[in-house]
Amino acid sequence: MELDEKTLNDGLKFIVGTWQVDYVVNAFSNDLKHIPASEFKSEDGRDFSAITYSFFEDHTVIMKNGSDGREESGTWEQTGWSEYHYTLNAFLDIPDSSFLKNAETLSVLDGNLVFSIGFLAIGMKKIAEGIVTEKPDIGDLKPSEEDEELMEIVGRYEVAKAMSFVGGEFSLFTREEVIAEMEAKKAADEIDEDEIKESLRSFDSYYEITSDHRIITWMKIPDGVPEEAIKQALESGEIKEVKDGYFTVQEKEWKAVDGKYYYDTGEHRELFGEVQSPWDELKTDEDGLLDFSSGMVKLKKV
């Protein structure tokens with residue numbers, strides 16, 4: 001399974017730290033009760049609560065057994081959305097078998113890390129956070145001299161596809177596809193001309209990506225708007241500029257970093273209470289269309 005950078009980063013933050021064995025579940029029990037690790041004794045009187053795992057951001061791991069001072073080191077990797085695999089130089093003297101494979105596979109369950117040894121499921125809770133070096137945000141990075149020379153993205157762009165309802169599906173469609181859908185609905189007397197214009201509004205815009213690192217969105221001035229109203233909007237600052245029947249209200253910044261293009265969406269984003277970067281990568285798909293506006297439109301350079 002190929003995991004994207006964000007998933008790997010979230011997984012890193014989740015696992016890095018110290019985990020202690022918290023409970024044991026016997027697969028042969030009738031109720032699959034969580035037995036506290038301190039109550040599940042081995043034949044020599046020791047229990048699993050003495051075992052801790054410390055995972056580090058360099059993908060190393062150390063297992064310690066506090067009851068006998070034993071310590072083993074190894075490595076770990078994220079292998080799925082909620083799964084990790086680790087290896088140790090030795091692990092509880094388990095021979096190389098399916099038992100060992102299961103013991104070296106960690107699954108996330110209710111915020112715990114769980115692995116199995118034979119018919120026992122071992123759950124661990126996090127008892128201490130580790131150190132994860134935060135990567136600088138794109139907005140904080142300065143382009144190199146080579147990056148400053150990158151200007152291939154500069155130009156005028158029209159909307160090639162926009163998120164629209166066609167055939168009962170909300171997805172990216174071309175203007176022609178949306179028009180065909182609207183004409184069919186109009187013929188069935190389901191919509192009127194105003195609704196058609198509204199459905200096509202996303203296509204009545206174009207974008208300028210300038211050499212001075214601006215992205216300007218130009219929107220078509222609606223039919224029937226008097227010149228006096230346009231003048232008042234300009235004077236009040238409601239709109240910034242008018243040109244050839246189009247107006248603009250905002251500009252966004254773009255820059256190149258490490259050979260890639262990015263732009264500042266200006267959006268405040270949070271995920272599970274954690275602030276996310278407002279910068280998105282500007283990249284083209286297999287058809288040469290530029291993804292923009294959080295995937296809501298695809299732009300074609302003209």
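Select R156 and Y206 to begin: R156 lies over the face of Y206, 3.7 Å from the ring centre. A charge is said to sit over a ring if NZ of Lys or CZ of Arg is within 6 Å of the ring centre and within 35 degrees of the ring normal.

The model in the viewer is predicted: local features need pLDDT of at least 70, side-chain atom pairs count only at pLDDT 80 or more, and totals for chains, interfaces and linings use all residues. Residues are numbered from 1 along each chain as its sequence is written, and side-chain values use heavy atoms, with hydrogens and water left out.

**Aromatic rings**

Rings of Phe, Tyr and Trp (its six-membered ring) pair if their centres lie within 6.5 Å; planes under 30 degrees apart count as stacked, over 60 as edge-to-face and the rest as tilted. Y206 belongs to strand β12 (residues 205-209) and W218 to strand β13 (residues 214-220), so the pair ties together parts that are twelve residues apart in sequence. Strands (E, at least two residues) and helices (H or I, at least four) are DSSP runs, numbered from the N terminus.

Are Y206 and W218 buried or exposed? Y206 is buried at 4% relative accessibility, and W218 is buried at 1%. Buried means under 20% relative accessible area, exposed over 50%, and partly exposed in between (1.4 Å probe, protein chains only).

The whole structure holds 13 aromatic pairs. Next, select F165 and F170, a tilted pair at 4.8 Å centre to centre and 35° between the planes. Here F165 is exposed, at 52% relative accessibility, while F170 is partly exposed, at 43%. Then select Y53, F55, W76, Y84, Y86 and F115, which form one aromatic cluster.

For another charge over a ring, turn to K255 and W279: the charged end of K255 sits over the ring of W279, 4.8 Å from its centre.

**Salt bridges**

Side chains of opposite charge can pair when their charged atoms come close. A salt bridge is a side-chain nitrogen of Lys or Arg within 4 Å of a carboxyl oxygen of Asp or Glu. How many salt bridges does a search of the whole structure find? The search finds 18.

Select E72 and R70, whose closest N and O atoms are 3.5 Å apart in a salt bridge. E72 is buried, at 15% relative accessible area, whereas R70 is partly exposed, at 24%.

Move to K186 and E193, a salt bridge with its closest N and O atoms 2.2 Å apart. K186 is partly exposed, at 40%, and E193 is partly exposed, at 38%.

Now select K298 and D285, which meet in a salt bridge of 3.1 Å, N to O. K298 lies in strand β22 (residues 297-301) and D285 in the loop between β20 (279-282) and β21 (290-292), so the pair ties together parts that are 13 residues apart in sequence. K298 is buried at 12% relative accessibility, and D285 is buried at 15%.

**A loop residue**

V154 is found in the loop between α3 (145-148) and β10 (155-166), and V154 is partly exposed, at 24% relative accessibility. Leaving aside neighbours within four places in sequence, V154 is in contact (heavy atoms within 4.5 Å) with I209, T210, S211, W254 and K301.
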